[in-house]
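Hi,

Here is the structure I said I would pass on.

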Number of protein chains: 2
Amino acid sequence: MKKIGIGLLGLGTVGTGVYKLLHMRADDMEHTVGAKLEIRKILVHNINKKRENVDSSLLTDDWKEMIHDDEIQIIVEVMGGMEPARTIILEALKAGKNVVSANKDLIAEDGRILLDTAQENGRDFLFEAAVAGGIPIIRPLKQCLAGNEISNVMGIVNGTTNYILTRMFEDGMEFGDALGKAQELGYAEADPTSDIEGLDAARKVAIMASIAFHSRVVFSDVYTQGITKITARDIAYAKDFGLVIKLLGVAKNTEDGIEAGVYPMMIGKDHPLASVRDSFNAVFIHGDAVDDAMFYGRGAGEMPTASAVVGDVIDAARDIQHNCTARINCTCYRDLPIKSWGDVRNKFFIRMQVKNQPGVLAAIAQVFGEHKVSIERVVQDHAEPESAELVIVTELVKEKYMNRALDELKSMDRIYEISSVIREYAE
Amino acid sequence: MKKIGIGLLGLGTVGTGVYKLLHMRADDMEHTVGAKLEIRKILVHNINKKRENVDSSLLTDDWKEMIHDDEIQIIVEVMGGMEPARTIILEALKAGKNVVSANKDLIAEDGRILLDTAQENGRDFLFEAAVAGGIPIIRPLKQCLAGNEISNVMGIVNGTTNYILTRMFEDGMEFGDALGKAQELGYAEADPTSDIEGLDAARKVAIMASIAFHSRVVFSDVYTQGITKITARDIAYAKDFGLVIKLLGVAKNTEDGIEAGVYPMMIGKDHPLASVRDSFNAVFIHGDAVDDAMFYGRGAGEMPTASAVVGDVIDAARDIQHNCTARINCTCYRDLPIKSWGDVRNKFFIRMQVKNQPGVLAAIAQVFGEHKVSIERVVQDHAEPESAELVIVTELVKEKYMNRALDELKSMDRIYEISSVIREYAE
């Protein structure tokens, strides 16, 4: 039977999963692809490191060996990071290899050049695993939903933060304790910055928005705010209001430009995203024909991510078999503006500690009014002789007006502290 | 620009949606496909019937006109039913056309010959719309998840019954009233048999199981039970137990064969399928690599179904452009047995009215014991001088043993009535 050679860049968690899964499915490939998929080389840092269950004769520390191996038709990049991944992928494409990558950092930054290079060389560049791990989302957007004008993509695309927020919501934990628990269970890394500050999610939002709206969105276009300031008290208010707090990646295609952001948001408990618990991910989309749809599953982990990578490898192999690589590459045929974040309209939950005396609410309401912020609800709680906690939920307002109002409030001596400012979902 | 001609079979709800959507996206096709998609002919029963916003010069009542039109490369079958759809599709494939179909009745029965004929003629036969309407599920299973051994597919794949059960659960309605409400709102047809008896869902299960397990499952292989016997009282018990009742299509690939059935099931309220409300659909799958995943959205309706059809049309057009039609057709390369339903193991909720006297429970327990049925829980409620309501939840037991036990219980004079027998989800 015909063989299709594979070069594997990286043998970390995902690389090991891909190695295992390709071996587990070896006998099926005759039927699925009509060829044997054979890993011919694996790029690692240290070829002398002992690895269980891996054929050590495949290991190399020289990526150029793969480029020069004519039997290798598919390169699987699961090493991560910007360089040397970027250089190797570009060289591989130029050498006529098809490339499958799980590298969200790289694609959120350099997706255009990677896809263009694939196209110029008539090869596939596939990256289902770069967004939401094992959950099919890239291919559904590019193919199944290709008849839609997608207006909205909203997702829980970071498992670490969803686990933390689930513990806070279900067990009443504070952020620090929930983070500790996540680290203990291996859901969060020793340095959790990229997850808890929303950077990881922002990269996925950039990639999804680019595909959904057919217009390039890069990492730096995405407004980003993490979950470190969310407190158990905010969660308690959310519960009272029938809401949950989720770290959402949100991208909208509006008449005056693309909005893209990652931030904690209060969302109704009946919304499909609200019931996505623990480390699960989900992506919710709205298209003009399909209406609402959601894709749910494991957004990370060795085998779920390998599932997405191997799905892409099989697709590339089928394209090779049918001589139609580069069948679908870049779908960004528009050049839409990115909306300035200050012009994005959101609804806000604001929790503050104020002086407990008559006239305070009136003064606060006046500041909001002067800055075009309409108030939907006011809840006063926790009144003590000197201070009270005031929660104000606004109607939709431009971020820049909200910021100006908050700046003015911060300077008022009857306001001790603005404790929380959290966005709330509004249609 | 190059044109790809389309022949549309049927101009009912879905056909009209497809017609509209292809016009709405006409300008995008240059970028998406690299060709103009042009509807050249539309098959209807009555070409003289006045139709708003449809170019009447395209109408024909002779399907052979399409077959003989060399400019038509894609036939879209949205007429439904077995014949003449079957004949037309087969003739179209033999004439070298690619075919997109939304016809679950036909595919659940004759999927093999349709796919084989497509393959023999080197053409696409695509049918994303046949299962769960707008929700991407066929392509994710065939491509994104192709690296998985799928063990389990479980779905809410009928919007009518999900709407009815949602009303019963949320508003305490009885079945008849909820059905009336569904009919009033256009969610249920005047003759709702196919929906409420689970036949529609069974066809979708047959198609999904065939693809997920790579082995042909047809409509008659699927055990089917509808929701007409579910009462508000059963729902109340489910709520008490922290469960909801859903009409689920369930397919499992087990060591001793494929299990496929459609039946109402009690399922934990934290399960992702439990929060699928109203007329929404969702398909939950378990794969050995991806773990759990779920696909959620609109399972029916003019534009959601058109979304899936047009997605397939775009895919076929891309295949035409790249000269790779028949890239992925039949994936049933196994020939697994279908398990006899009596050998399928399920957990049961049984509600019965019994004589209110000592020794009744002992007698019932003995009957269960004799038939290998283990009891997990017993709840007695609603005791009156003469009668009491008894609810028994069993552990997993083979269907045939359960049936034998029930037959014997029915003959006991201390049991007035077996009111409900509903399966309960168990891992």
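Strands here are DSSP runs of E with at least two residues, helices are runs of H or I with at least four, and both are numbered from the N terminus. Two strands count as paired if DSSP finds at least two bridges between them.

Some housekeeping before I go on. This is a predicted model, in which local features need pLDDT of at least 70 and side-chain atom pairs count only at pLDDT 80 or more, while totals for chains, interfaces and linings use all residues. Residues are numbered from 1 along each chain as its sequence is written, and chains are lettered from A and ligands numbered from 1 in the order in which they are written.

As for confidence, chain A has a mean pLDDT of 96, and 100% of its residues reach 70 or more; pLDDT is the predictor's confidence in each residue, on a scale from 0 to 100. For the complex, the predictor gives an ipTM of 0.95 and a pTM of 0.96.

Back to the interface. Chain A and chain B each put 45 residues into the contact, where two residues touch if their C-beta atoms, placed from the backbone, lie within 7 Å. On the chain A side, the elements giving two or more residues are α2 (29-32), α6 (138-144), β12 (291-298) and α12 (302-321). Of these, α12(A) gives the most, with 10 residues. That side of chain A splits into 23 nonpolar, 13 polar and nine charged residues. (Nonpolar means Ala, Val, Leu, Ile, Met, Phe, Trp, Tyr, Cys and Pro; charged means Asp, Glu, Lys and Arg; the others, Gly among them, are polar.)

How are the two copies related? Chain A can be laid on chain B by a turn of 180 degrees and a shift of 0.0 Å along the axis, with an RMSD of 0.0 Å. The two copies are therefore related as by a two-fold rotation axis. In chain A, the C-alpha nearest that axis belongs to A:F295, 2.4 Å from it. Both copies use the same surface, since 100% of the contact residues of chain A recur in chain B. The superposition is by least squares on the C-alpha atoms of residues with pLDDT of at least 70 in both copies.

Next, the layout of chain A. It is divided into domain 1 (3-133 + 302-321), domain 2 (138-298) and domain 3 (341-424), with bounds from an automatic or database domain assignment. The C-alpha centres of domain 1 and domain 2 of chain A lie 28 Å apart. Their contact takes 14 residues from domain 1 of chain A and 17 residues from domain 2 of chain A. On the domain 1 side, helix α5 (residues 104-120) of chain A gives the largest share, seven residues. That side holds seven nonpolar, two polar and five charged residues.

Chain A also has an open sheet of six strands, paired in parallel, in the order β3-β2-β1-β4-β5-β6. Its edge strands are β3 (59-60) and β6 (125-126) of chain A, each pairing on one side only. Inside the sheet, β1 (residues 3-9) and β2 (residues 36-43) of chain A pair over seven bridges in the parallel sense, with A:I4 opposite A:L37.

I followed one strand in chain B as well. All six of the six residues of β4 (residues 72-77) of chain B are buried, so this strand is largely enclosed by the rest of the structure. Buried means 20 or more other C-beta atoms within 10 Å of a residue's own, exposed means 12 or fewer, and partly exposed is in between, with C-beta atoms placed from the backbone. Strand β1 (residues 3-9) of chain B runs parallel to β4(B) and is joined to it by five bridges, and B:G5 stands opposite B:I72. β4(B) also pairs in the parallel sense with strand β5 (residues 98-101) of chain B, over four bridges; there B:I75 has B:V99 as its bridge partner.

Is B:A178 buried or exposed? B:A178 is buried, with 24 other C-beta atoms within 10 Å. Leaving aside neighbours within four places in sequence, B:A178 is in contact with B:I164, B:R167, B:M168 and B:M173.

Cheers
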